[in-house]
Amino acid sequence: MRIADANETVKMALDTLRTNKLRSGLTILGIVIGVMTVIVISSVVTGLNNSVSDLVQSLGSNVLFVFRFPVFGQRPTTEMLTRKQMTYEDAMAMRDLPHVVAVSPALQHTDNQAPGRGGTTAIKAGAKKMQNTILEGDTPAATEVSELDMREGRFFTESDQERAASVVVLGSDTADGLFEGQSALGKEVEVGGKLFTVVGVLEKQKQAFGGGKNPQDNKAFFPITTFHHIHPEQLDYWISLKYDDPKNRPLVEDELTELLRRRRKVANEAPDNFAIFGTDSLTRLWTQITGGLFLLLAALSSVALLVGGVGVMNIMLVSVTERTREIGIRKAIGATKQTILGQFTLEAVTLCAVGGVIGVALGAGIALGLKFLLPSALSTIWVSVAFLSACGIGLVFGIYPAWKAANLNPIEALRYE
């Protein structure tokens, strides 16, 4: 088909859209919904992927976690829940392994007595009180293992830990809630009826899912020895360790496994009664989740696009019937089957392309609006896929009406009333 004929066909298709606005709008509605669905879901998934990637990167590629059972990707069994807990001495023994740079054992308080507030408690400063604050006991090595940037002040030191000093480091939201508009440094907070001096405030932490407040920013960190005085009943250690080079991970895991099996007196034929995992566990879990989301994306968009394709075929068949005499005249003056076939096919593709453009625009608008609730990022790849899919639907469902138009008998077409 010549460029001039193609331009004329596109113009004719657009004129048809303008002339029959309601009919054309209903025809491409399925295309619009299908493309919009692809854009919205892919934008949310892309945004969440970026957030998870940032979180994993902040945790470090050379960081391992040790706990008495796996945390990501599976529900703990009764046997796992009854396993012997990790100890502080286990963590200290890990520091002597050849490739280990730093080890940080941690404890958290969970307040099961507060309905709907699992794993949370309250912290006070004068008349102000923060709910749902997570209390955590750590060692000074926590800043070496994890990415804990200070907004002001300092993290607690080895000296603070040795003497179980009454000091605390607050998360950014905790500090802002208790000391709005002023520095928290040097101020006192009350936890469990005891007073603690604020020596530092953390920067905001990265979060993988959701928008709004990050629970990890509503935290209070104490030296591990101080935490024992606040909640002596908490003895279930979560151990994080950092090693020298990511390529040494298999060696570090083997050394850790041998050390813990020996310390926990695991028989040679018995399986491990502990779990060692890295940040890649979070990535694998998220990959499994996104696999389901993409299946949903494919199902919803396919149904909408197929409905839209049927609508386009229907309207093109009506168009062929309405323009039967026109087709007869064009054939009588020399138009070939290939020309008619190309013109009607291009008209169907143009119709779907308009629906694709509208769908992309609406999807992009919704994706931008979702940024206030969820991480969302437009993907040029998925925008291209959605638009080309719409055009492909026009090509597939426009072939039959175009073939029917191309094979009309010119004499009978001219006699058509």
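A nonpolar core is a set of buried Ala, Val, Leu, Ile, Met, Phe, Trp, Tyr and Cys residues joined through side-chain atoms within 4.5 Å; buried means under 20% relative accessible area with a 1.4 Å probe, protein chains only. The model is predicted, with local features requiring pLDDT of at least 70 and side-chain atom pairs pLDDT 80 or more, while totals for chains, interfaces and linings use all residues. Residues are numbered from 1 along each chain as its sequence is written, and side-chain values use heavy atoms, without hydrogens or water.

The largest nonpolar core holds 40 residues. M94, L170, V189, F222 and L241 have the most contacts inside it. Beyond its neighbours within four places in sequence, V189 is in contact (heavy atoms within 4.5 Å) with residues including I123, V168, L170, F179 and F196.

Helices are DSSP runs (H or I, at least four residues) numbered from the N terminus. The axes, lines fitted to C-alpha atoms over the stretch in contact, of helix 10 (residues 280-322) and helix 13 (residues 380-406) come within 9 Å. They cross at roughly 30°, on a scale from 0 to 180 degrees between N-to-C directions. Among the contacting residues are F294, L305 and M313 of helix 10 and W382, F397 and A405 of helix 13.

Helix 11 (residues 324-332) packs on helix 12 (residues 337-370) at about 140°, with the axes 10 Å apart. I327, R330 and K331 of helix 11 meet K337, I340, Q343 and F344 of helix 12.

Technical notes
Buried means under 20% relative accessible area, exposed over 50%, partly exposed in between (1.4 Å probe, protein chains only). Helices (H or I, at least four residues) and strands (E, at least two) are DSSP runs, numbered from the N terminus.
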